[in-house]
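Work through the following exercises with the sequence and the model side by side, and try each task before reading its solution.

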Amino acid sequence: MPRKAKEYPEEGEFVVATVKSIHPYGAFLKLDEYPGKEGFMHISEVASTWVKNIRDHVKEGQKIVAKVIRVDPSKGHIDLSLKRVNQQQRKAKLQEYKRAQKAENLLKMAAEKIGKDFETAWKEVWVPLEEEYGEVYAAFEDAAQNGMDVLKGLISDEWTEALEPIIEAYVEIPTVTIDAEFEITVPKPDGIEIIREALIRARDRANEEKEIDVKFSYQGAPRYRIDITAPDYYKAEEVLENIAEEILRVIKEAGGEATLIRKEKRIKKVKKRGS
């Protein structure tokens, strides 16, 4: 089970917790990411409406996402809230927890490869990477995308060598896809060919860059759609800007008109090659 490098959670932090015991006035929960730590959730923090029976909302053994509202390390007290967690926050925390589970499994594979136990791996790899990146899987993603050198100085060469083939095979790289549309008209007999040549030229030039994928599709005259997939939003925006400038220049020189219509960005993940 993934655990945090720090001893106590911070106020405002979202945690994964398991309901340990329920009482008329509240519930005690085990903090899954903080071994040996328990939190208390008062009945007033269970739901935004009046709670007649707390068991209508939580049950023993149930895993929930809670928000830390108070921490007193001197007394070992941690106060939690369920009602202060919205659906989006819950989803984000569970996603983070799943990423931590993936990172833990990959680190266990590396530890087994070099004959070390997980407690040693946790101290030598997990702690420094979490302190640097905030989460270990983010460090693995950075290494998958930019090479293992990004981890040098944080963990030993022994660990980077053990982790490299594992990261290569199993880590997914997040990418961002943005899409837009061009309205293009060229009032000439060969106008369609001029537009087609401009789009192909812009696409091929952009696709020369590593980890950039650009696709055009015909939406029906005079609209053409462009999809740009890049490692991050800023790079995708840069590519779109460059393509737009090229298309607008070529079409203008041909005596036509072109307009860029913006759309929303989409985030997806692609598997590292070889996985």
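Helices (H or I, at least four residues) and strands (E, at least two) are DSSP runs, numbered from the N terminus. This is a predicted model, in which local features need pLDDT of at least 70 and side-chain atom pairs count only at pLDDT 80 or more, while totals for chains, interfaces and linings use all residues. Residues are numbered from 1 along each chain as its sequence is written, and side-chain values use heavy atoms, with hydrogens and water left out.

**Exercise 1.** Describe the course of helix H2 and what follows H2.

Solution. Begin with the axis of H2, residues 118-133, which has a kink of about 35° at tryptophan 126, shortly before proline 128; the bend at a residue is the angle between axes fitted to the seven residues ending there and the seven starting there. Then move past the end of the helix, where H2 is followed by glycine 134, with a positive phi near 90°.

**Exercise 2.** Determine which residues of H2 are buried and which helices they pack against.

Solution. Taking buried as under 20% relative accessible area, exposed as over 50% and partly exposed as in between (1.4 Å probe, protein chains only), the buried residues of H2 are Phe118, Ala121, Trp122, Val125, Trp126, Val127, Pro128, Leu129 and Glu130. Next, look for their partners: these buried residues pack against H1 (87-114), H3 (136-146) and H4 (157-170), where contact means heavy atoms within 4.5 Å.

**Exercise 3.** Work out how H2 is oriented relative to H3, and which residues make the contact.

Solution. The two helices pack at an angle of about 85° with their axes 8 Å apart, the axes being lines fitted to C-alpha atoms, for helices over the stretch in contact, and the angles running from 0 to 180 degrees between N-to-C directions. Because angles of 65 to 115 degrees count as roughly perpendicular (under 35 is roughly parallel, over 145 roughly antiparallel, the rest oblique), H2 is roughly perpendicular to H3. On the H2 side the contact is made by Trp126, Leu129, Glu130 and Tyr133, and on the H3 side by Val136, Ala138, Ala139, Phe140 and Asp142.

**Exercise 4.** Is isoleucine 54 buried or exposed, and which residues are in contact with isoleucine 54?

Solution. Isoleucine 54 lies in the loop between strand E3 (38-42) and strand E4 (63-72). At 4% relative accessibility, isoleucine 54 is buried. Leaving aside neighbours within four places in sequence, isoleucine 54 is in contact with Ile22, His23, Gly26, Ala27, Ile43 and Val46.
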